[in-house]
Amino acid sequence: MARICRPWRDYFVPLHLVNIDGNANRVSCIAQGPRRVIFLVGMNKVCSDLDDAMKRARNVAAPINEQRFGLNTPCSKTGKCFDCKLPDTICCQFLITRFSRHKGRIHVILVNDDLGF
């Protein structure tokens, strides 16, 4: 059973949220959109640093989503990022959020379970 961890604000560690998008509809709302953004994040998505987070997003999450959508890219066939710029790629926009100057706008809830890819 999933257990919700303490709110992120109680931890004094650096935080970077890494998002990759194909149409920018998700990353644009994170960057500037609603007054509140809430992330439910499984522990499978927590990485040791920004570099590992980018590698995970490109070599784990993106290939699985490419396969799920039936897209024709090298990573959908091999499971590894080839930094392609093909029409089917979902890796068009990268958003790294490290801070929000609007206090209380972004909330990260860590769930002690694997969620998504």
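The lining of the largest pocket comprises 27 nonpolar, eight polar and seven charged residues. Here Ala, Val, Leu, Ile, Met, Phe, Trp, Tyr, Cys and Pro count as nonpolar, Asp, Glu, Lys and Arg as charged, and the others, Gly among them, as polar. The model is predicted: local features need pLDDT of at least 70, side-chain atom pairs count only at pLDDT 80 or more, and totals for chains, interfaces and linings use all residues. Residues are numbered from 1 along each chain as its sequence is written, and side-chain values use heavy atoms, with hydrogens and water left out.

The volume of the largest pocket is about 1200 Å³. Of its 42 lining residues, Val18, Asn19, Ile20, Lys45 and Ala57 are the closest to the centre. A pocket is an open set of points on a 1 Å grid over the protein atoms alone, where a 1.4 Å probe fits, with protein on both sides within 12 Å along at least five of seven lines; lining residues have an atom within 4 Å of a point. Grid points are joined across faces, edges and corners, and the volume is the space filled by probe spheres set on the points. At least two lining residues come from each of β1 (17-21), α1 (25-31), β2 (37-42), α2 (50-68) and β4 (106-111). The largest share, eight residues, belongs to α2.

Three helices and four strands are present in the protein. Their order from the N terminus is β-α-β-α-α-β-β. Helices (H or I, at least four residues) and strands (E, at least two) are DSSP runs, numbered from the N terminus.

Nine residues form the largest nonpolar core: Leu17, Val27, Ile30, Val37, Phe39, Val41, Leu95, Val108 and Leu110. Such a core is a set of buried Ala, Val, Leu, Ile, Met, Phe, Trp, Tyr and Cys residues joined through side-chain atoms within 4.5 Å. β2 gives the largest share of this core, three residues. Val27 touches Asn19, Asp21, Gln93 and Leu95, residues up to four places away in sequence not being counted. Contact means heavy atoms within 4.5 Å.

Of the 117 residues, 28% count as buried. Buried means under 20% relative accessible area, exposed over 50%, and partly exposed in between (1.4 Å probe, protein chains only).
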